[in-house]
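Student: Hi! I have a model open and would like to talk it through with you. Can we begin with the terms and then go to the details?

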Protein chains: 2
Amino acid sequence: MNIIYIPERSAWNDLLKRPTKDAKDLNNLVAGVLADVRAHGDEAVLRYEAQFDHVELSSLRVDDAEFAEAETLVPAELKEALQLAHDNIYKFHAAQRFQGEPCEVVQGVTCWQKSVAIEKVGLYIPGGTAPLFSTVLMLAVPAKIAGCKEIVLCTPPQRDGKVHPAVLVAARLSGVTNVFKAGGVQAIGAMAYGTESVPKVYKIFGPGNQFVMCAKQQVSLHDAAIDMPAGPSEVMVLADASANASFVAADLLSQAEHGVDSQALLLTTSADLACRVAEELERQLPLLPRNEIAREALKHSKLIVLRDEAEMMDMANAYAPEHLIIETADYMDLAARVVNAGSVFLGNLTPESAGDYASGTNHTLPTNGYATAYNGVNLDSYMRKVTFQHITSEGVKKIGPAVELMAAGENLDAHRMAMKLRREAVEAGKV
Amino acid sequence: MNIIYIPERSAWNDLLKRPTKDAKDLNNLVAGVLADVRAHGDEAVLRYEAQFDHVELSSLRVDDAEFAEAETLVPAELKEALQLAHDNIYKFHAAQRFQGEPCEVVQGVTCWQKSVAIEKVGLYIPGGTAPLFSTVLMLAVPAKIAGCKEIVLCTPPQRDGKVHPAVLVAARLSGVTNVFKAGGVQAIGAMAYGTESVPKVYKIFGPGNQFVMCAKQQVSLHDAAIDMPAGPSEVMVLADASANASFVAADLLSQAEHGVDSQALLLTTSADLACRVAEELERQLPLLPRNEIAREALKHSKLIVLRDEAEMMDMANAYAPEHLIIETADYMDLAARVVNAGSVFLGNLTPESAGDYASGTNHTLPTNGYATAYNGVNLDSYMRKVTFQHITSEGVKKIGPAVELMAAGENLDAHRMAMKLRREAVEAGKV
């Protein structure tokens with residue numbers, strides 16, 4: 001494990017560089033699959049399921065029998081854990097409900113915002129090495145709270161043609177029953193354009209591999225909004241001498257096990273802590289089932305010793321980590337100085353995995369530096385704030401002349417007339 | 001003007017179809033200019049300014065002398081109108097400030113959201129047939145309220161190499177002085193990548209022609225977020241027999257004058273009103289300086305007579321208009337049923353032009369049906385909601401077991417360990 005000791009500021013850019021991938025080769029491949037799904041609907045999706053997921057499906061939709069079977073296959077204690085996580089996610093996201101208050105801007109001019117649910121949303125749950133039932137809760141619970149009328153969930157089937165039972169249990173627990181067996185680019189296409197089976201949606205949420213991300217970006221140009229761009233997952237830990245080296249190492253490893261391109265960075269004011277964390281990493285690593293992945297990821301991870309907390313915060317804000325864990329004595333002071341991060345975990349007893357599963361916050365977060373401009377999924381992500389305004393005759397008198405002058409100044413005479421006709425009618429006592 | 005009398009629902013899709021453009025030819029052209037700006041910075045921007053805007057500039061930045069001169073060129077009464085508009089926009093957007101409250105999800109697990117300004121934003125103000133100083137206010141005022149540290153504004157210079165003075169007065173009034181003479185694709189590239197003169201930003205706002213929109217979408221794939229996709233502007237008016245035909249016609253015309261591809265639609269329950277509006281359109285049209293543009297736009301506009309208010313609302317929600325004006329006796333009832341719209345104008349005395357300029361709402365809104373998934377620019381557009389969480393030893397006991405079970409269920413053992421180490425330390429009384 002690399003320990004880097006008080007780097008010069010001029011070296012920060014290189015130190016914080018993320019691994020990049022060239023997506024150019026992907027673009028044509030993805031565009032081809034999307035066009036095929038758009039043109040041929042279910043037939044194309046079924047064909048790609050056979051080709052990419054190696055299953056011959058007779059239909060895409062998960063039926064009641066499969067949901068019922070799933071309930072019998074998931075252990076009771078996991079169901080209870082899902083229920084607890086569900087309830088916490090529900091509580092924190094329900095607290096995000098927005099109630100717009102009317103604002104009388106000037107006498108007779110009242111404006112307000114109203115938060116309205118997006119009618120149709122699509123949730124993508126990847127398959128791959130692990131069944132991501134936690135992501136089902138993270139995406140479906142706020143959609144239900146928002147009041148989205150149509151919630152569609154796509155996930156690739158296992159080799160036996162079935163969806164992992166814990167995914168179905170989490171979906172039903174969240175109130176989502178429109179579940180389809182489709183993965184990858186074909187799933188994104190199905191939700192963006194609609195097929196005979198899969199309803200078209202207005203916005204698509206969820207993580208995925210580089211093919212899925214490329215497909216989401218392509219459909220976002222015209223056909224459906226997306227939650228955010230994405231890249232490999234990442235964590236940055238800020239720690240001082242008071243931190244517990246064993247906890248810090250476990251936090252770095254829980255990022256590193258995600259994939260070989262995951263990034264785990266430690267910034268610390270204590271060279272001693274950096275050494276102890278390096279030792280702990282070596283101790284804990286062999287104990288992990290996914291230690292080969294984690295060891296590979298650690299090769300481009302770094303333990304960086306810095307002069308003081310100010311430098312730590314500057315570097316954290318420059319990196320804009322998806323997950324930021326602050327394990328220092330004065331974590332609340334540092335929390336107040338966070339500018340760029342997706343989600344922040346405070347103190348020695350708040351591991352990222354708490355927020356990944358069950359504390360109530362969302363785990364769908366901006367990676368790859370996108371935290372500079374995006375936030376993670378929250379209740380707002382499923383809604384739009386529509387503005388309303390109402391003007392009385394008094395209001396027309398107050399702002400009418402300014403509107404007319406500005407419209408004239410922009411050479412938009414019909415805009416001017418729309419106000420002038422009303423103002424004159426008001427002044428003549430006709431309305 | 002087309003009057004369509006009680007169409008069948010099966011005909012709605014065709015009736016509501018928007019004019020579409022194929023952007024494929026644009027993509028390569030735009031990508032070329034963007035790559036050039038990324039590689040050659042200011043030199044490329046200056047070269048494209050000469051080529052596309054026909055001005056030889058010695059530098060991109062607007063200097064103090066040009067700002068000072070602009071103040072002398074804008075008439076006092078327009079300045080007063082700008083001030084009034086500024087103050088109203090400020091008041092309505094400042095009322096949108098968000099204060100996250102801590103939520104104790106379960107005992108010992110506290111989560112909250114904090115709204116943090118995007119540090120660096122770019123505002124694009126088009127040139128073209130009209131100086132859009134109103135858009136300067138709409139984009140810059142919420143950026144200042146949010147507290148964005150670096151606000152960059154790009155706008156194409158006039159043929160004389162200067163920026164329209166009202167644009168500079170509006171910028172200074174809003175507190176923006178980082179103004180650069182750059183238009184079109186080269187401006188978007190300069191802000192997305194940064195050049196020697198133009199700072200790189202994290203998010204780009206503002207309207208533009210199809211080249212600008214294509215450039216915004218291309219940079220949004222990797223380099224900078226954007227406010228929203230866009231298309232031609234549009235208005236839908238809902239009116240009953242109580243509406244004023246002259247006002248309704250003026251509202252339709254104030255959309256039609258924007259451009260030949262603008263859409264203006266009237267839905268009404270009164271065939272008589274439709275006829276009177278058609279007459280008013282013919283009467284008002286010749287009086288407009290931009291009547292040729294408006295006449296062209298009206299060719300694909302429609303006056304649609306429907307059975308009842310329920311049908312009007314259904315069709316409005318199916319169309320998802322950028323601007324929705326409700327001129328009926330019971331406009332508040334209809335307002336409550338709006339699902340898909342950008343901004344809604346209520347009653348006979350609330351023209352779209354009020355919101356375009358000075359009522360306080362934002363005029364940067366989703367067109368082209370994007371109101372199904374996007375809202376207009378608001379204070380949130382300049383901020384991110386970062387989530388924070390803090391867990392005590394009590395909290396670790398409450399949610400620890402569920403986190404460990406779920407992590408194990410997803411085969412993420414390091415995630416499990418990060419919680420298990422803490423829970424065991426808590427149970428052993430060590431922390």
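Tutor: Happy to. A salt bridge here is a side-chain nitrogen of Lys or Arg within 4 Å of a carboxyl oxygen of Asp or Glu. Keep in mind that this is a predicted model.

Student: Good. How many salt bridges does that rule give over all chains?

Tutor: The count over all chains comes to 48 salt bridges. One of them is between the side chains of Glu234(A) and Arg18(A), at 2.9 Å from N to O.

Student: Where do Glu234(A) and Arg18(A) lie?

Tutor: Glu234(A) is in strand S9 (residues 234-239) of chain A, while Arg18(A) is in the loop between helix H1 (12-15) and helix H2 (24-52) of chain A. The pair therefore ties together parts that are 216 residues apart in sequence.

Student: Okay, switching to the interface. How many salt bridges are there across chain A and chain B?

Tutor: The rule finds six across that interface. For instance, the side chain of Arg422(A) meets that of Asp251(B) in a salt bridge, with 2.7 Å from N to O.

Student: Which three residues of chain A supply more of its buried area than any other three?

Tutor: Those are Gln389(A), Met406(A) and Arg422(A), which supply 8% of the area that chain A buries against chain B.

Student: Where does Gln389(A) stand relative to S13(B)?

Tutor: Gln389(A) stands opposite Phe345(B) in that strand. Strand S14 (residues 383-391) of chain A and strand S13 (residues 343-346) of chain B are joined by four bridges and run parallel.

Student: What rotation superposes chain A on chain B?

Tutor: A rotation of 180 degrees does it, with 0.0 Å of shift along its axis and an RMSD of 0.0 Å. That is the relation of a two-fold axis. The contact takes 119 residues from chain A and 119 residues from chain B.

Student: Nice. On to the folds inside a chain: what's the strand order in the five-stranded open sheet of chain A?

Tutor: The order is S6-S5-S4-S7-S8, and the pairing is parallel. Strand S6 (178-181) and strand S8 (225-226) of chain A are the edge strands, each pairing on one side only. Within the sheet, strand S4 (residues 120-124) and strand S7 (residues 203-205) of chain A pair over three bridges, and the bridge partner of Val121(A) in S7(A) is Lys203(A).

Student: Last one: do S2 and S3 of chain A run parallel or antiparallel?

Tutor: Strand S2 (residues 103-106) and strand S3 (residues 109-117) of chain A run antiparallel, joined by three bridges. Cys103(A) stands opposite Cys111(A) in S3(A). The hairpin of S2(A) and S3(A) has two residues between the strands, and Gly108(A) takes a positive phi near 90 degrees there.

Terms used. Residues are numbered from 1 along each chain as its sequence is written. Chains are lettered from A and ligands numbered from 1 in the order in which they are written. This is a predicted model: local features need pLDDT of at least 70, side-chain atom pairs count only at pLDDT 80 or more; totals for chains, interfaces and linings use all residues. Side-chain values use heavy atoms; hydrogens and water are left out. Contact means heavy atoms within 4.5 Å. Buried area is the accessible area (1.4 Å probe) that two parts lose on being put together, summed over both. Two strands pair if DSSP finds at least two bridges between them. Copies are superposed by least squares on the C-alpha atoms of residues with pLDDT of at least 70 in both.
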